[in-house]
Amino acid sequence: MNKNIKFYNSLSRQKEDFVPLDDHNVKMYACGITPSAEAHIGHLYQALIYDIMRKFLVKEGYKVIYARNYTDVDDKIIAKSNELHVPANEYAEKMIEEIDKEMQAFQIGEPDVWLYATKTIPDMIKFISKLIEKGKAYSTPNGDVYFSVDTFREYGKLSGRRTEEALDGVRIENDEFKKSPLDFALWKSAKEGEPYWESPWGKGRPGWHIECSVMNYVTFGEQIDIHGGGRDLLFPHHENEIAQTESLTGKPFAKYWIHNGLIRVNGQKMSKSLGNSLLMKDLRRDYHIEVIKFALLQNSYHTDINITDKLFEDSEKHLYNFYKVLSEAEDKFGKFSGVDASVGENFDDAMRDDLNTSKAISYLFNIFKDAKEKIKNGDKSVMTTLNSVINTYSLLGLFKENPKTFISQVDEKMKIDIPNEIKDLAEKRWQAKKEKNFALSDSLRDEIQSKGYLVKDTRDGYEITKI
Ligand SMILES: [Zn+2]
């Protein structure tokens, strides 16, 4: 085993050495997606972070079982399927297919275990029944079942919210049969037109929180090492998961509660009503997937990310410059061998420090600056360094593309993005140059530059790039 990994644990509110419950075996669960609409950048970010976490743990010698779920029954799915006049399960299946396709396109690794709420219903019914037996939950004459928050003394230990504060944070379900306003539904009786399952309390379906508790329980047993999710899930979702599971088992549920930051778009929360959701399929049409990953991973996973066009443009520019260096090195010294070499120590240290991808990426700027210099000086040792960069950073999903392919894709895009006005000026300059009117061609070049573009002669003509 290598040096210690540290993770920020939301439960203790500090960075802790990572020590799994059972030797070097890691049980890891991340709350997945509710497939009620197409996947957006928030879904991508969360899936990317936990995929990288898993891959890094494996690289460090841990044996990881990573589980993710689909919350495939939910109010929004039901509403959407009613609107489209298709059964809820069909709609959810279709969306899951779409989302899986996007995750594959972004080369997000599959979890070891896929879980689906609708395939775990009998276990949920058993789990809820046990909570009722233990006096931790109660059913109502309407056929609902609630968790009794008063019976769990440690309620609030994750979020730090005392019960009266907690009330501000939840949408209270109005129900005359609820014993306390904080009590939350474990089982919801079916309303007209809703999908349902038979249960001891009548026709209904599980509440959202109990699904994750039970999917964990059936996959891993009483305790797990890492429970992850977006920070928006910390309360009430994860607080309630703790209450349910620990009430049943009497043991601490997850040892490390890990939460990733949230995505903002131009300073605003991403939401359907604002119409600012960045869909995964649109993003990869506009940018290479590595550009999007680079943009996201420049942040530490805790902090919220503010997405702007500039963030992607800058990331594209940086990666483009890096790939240029790789391409130059290849031209000069031949293809990369793909053999591992160790420049990765700094990278590993950064990643051991609570998965600091921000720091890991920051090293690239100096590495490539030095590499450029070495190539210029004909120093072949640059190949070892760059080989190692390619190997090391593949863990973050970077430098997996062929350098020339990446470069030509960005070049093509830049050509398309160039306004006609600039293209006309460049053509005029080209004509002036052919006529040997260098005064005119120079002044046209300056004019183009003042408008934010560079025109450069190439072997078979000229090319325009954005500055
Ligand atoms: Zn969950």
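Guide: Happy to. A residue is called buried when its relative accessible area is under 20%, exposed when that area is over 50%, and partly exposed in between. Keep in mind that this is a predicted model.

Visitor: Thanks! Then is Phe399 buried or exposed, and why?
Guide: Phe399 is buried, because its relative accessibility is 4% and the cut-off for buried is under 20%.

Visitor: Where is Phe399 located?
Guide: Phe399 sits in the loop that runs between α13 (382–393) and α14 (403–417). Its phi is near 60°, a positive value in a residue other than glycine. As background, most residues other than glycine have a negative phi.

Visitor: What about the backbone of Gln107, what is phi there?
Guide: For Gln107, phi is near 55°, again positive in a residue other than glycine. Gln107 belongs to the loop between α3 (88–105) and β5 (113–116). With a relative accessible area of 42%, Gln107 is partly exposed.

Visitor: Which residues does Ile289 touch, leaving aside neighbours within four places in sequence?
Guide: With those set aside, Ile289 is in contact with Ala105, Phe106, Gln107 and Arg284. Ile289 itself is found in helix α9 (residues 289–297), and Ile289 counts as buried because its relative accessibility is 12%.

Visitor: How far is Ile289 from Ser315?
Guide: The C-alpha atoms of Ile289 and Ser315 are 11 Å apart in space, and the two residues are 26 apart in sequence.

Visitor: Changing topic: which residues hold the zinc ion's protein donors?
Guide: Those are Cys31 (SG), Cys212 (SG), His237 (NE2) and Glu241 (OE), at 2.1 to 2.8 Å from the zinc ion. Along the sequence, the spacing of the donor residues reads C-x180-C-x24-H-x3-E.

Visitor: And why is the arrangement around the zinc ion irregular?
Guide: The 4 donor atoms subtend angles of 73 to 128° around the zinc ion, and that makes the arrangement irregular. For four donors to count as tetrahedral, all angles would have to lie between 85 and 135 degrees.

Visitor: Which helix do His237 and Glu241 lie in?
Guide: Both lie in helix α7 (residues 234–249), 4 residues apart, which is about one turn of the helix. His237 and Glu241 are both buried. Pro236 is in helix α7 as well, and the peptide bond leading from Phe235 to Pro236 is cis, with omega near 0°. In general, most peptide bonds are trans.

Visitor: Nice. Where does Ser277 lie?
Guide: Ser277 is in the loop between β13 (268–269) and α8 (280–286). Ser277 counts as partly exposed because its relative accessibility is 29%. Apart from neighbours within four places in sequence, Ser277 is in contact with Met270, Ser271 and Lys272.

Visitor: Let's zoom out. How many helices and strands does the protein chain have?
Guide: There are 16 helices and 16 strands. The C-alpha atoms fill a box of roughly 95 × 55 × 35 Å along the principal axes, and 49% of the 467 residues count as buried.

Visitor: What about contacts and surface?
Guide: Among contacts between residues at least 6 apart in sequence, 75% join residues at least 24 apart. The protein chain exposes about 22,300 Å², and carbon and sulfur atoms supply 48% of that.

Notes:
Residues are numbered from 1 along each chain as its sequence is written. This is a predicted model: local features need pLDDT of at least 70, side-chain atom pairs count only at pLDDT 80 or more; totals for chains, interfaces and linings use all residues. Side-chain values use heavy atoms; hydrogens and water are left out. Donors are N, O and S atoms within 2.8 Å of the metal (3.2 Å for Na, K and Ca); water is not among the atoms, so sites may look incomplete. Four donors count as tetrahedral if all angles lie between 85 and 135 degrees; four count as square planar and six as octahedral if opposite donors are over 155 degrees apart and all others between 65 and 115; anything else is irregular. Helices (H or I, at least four residues) and strands (E, at least two) are DSSP runs, numbered from the N terminus. Buried means under 20% relative accessible area, exposed over 50%, partly exposed in between (1.4 Å probe, protein chains only). Contact means heavy atoms within 4.5 Å. Accessible areas come from the Shrake-Rupley method with a 1.4 Å probe; for residues, only the protein chains shown count as cover.
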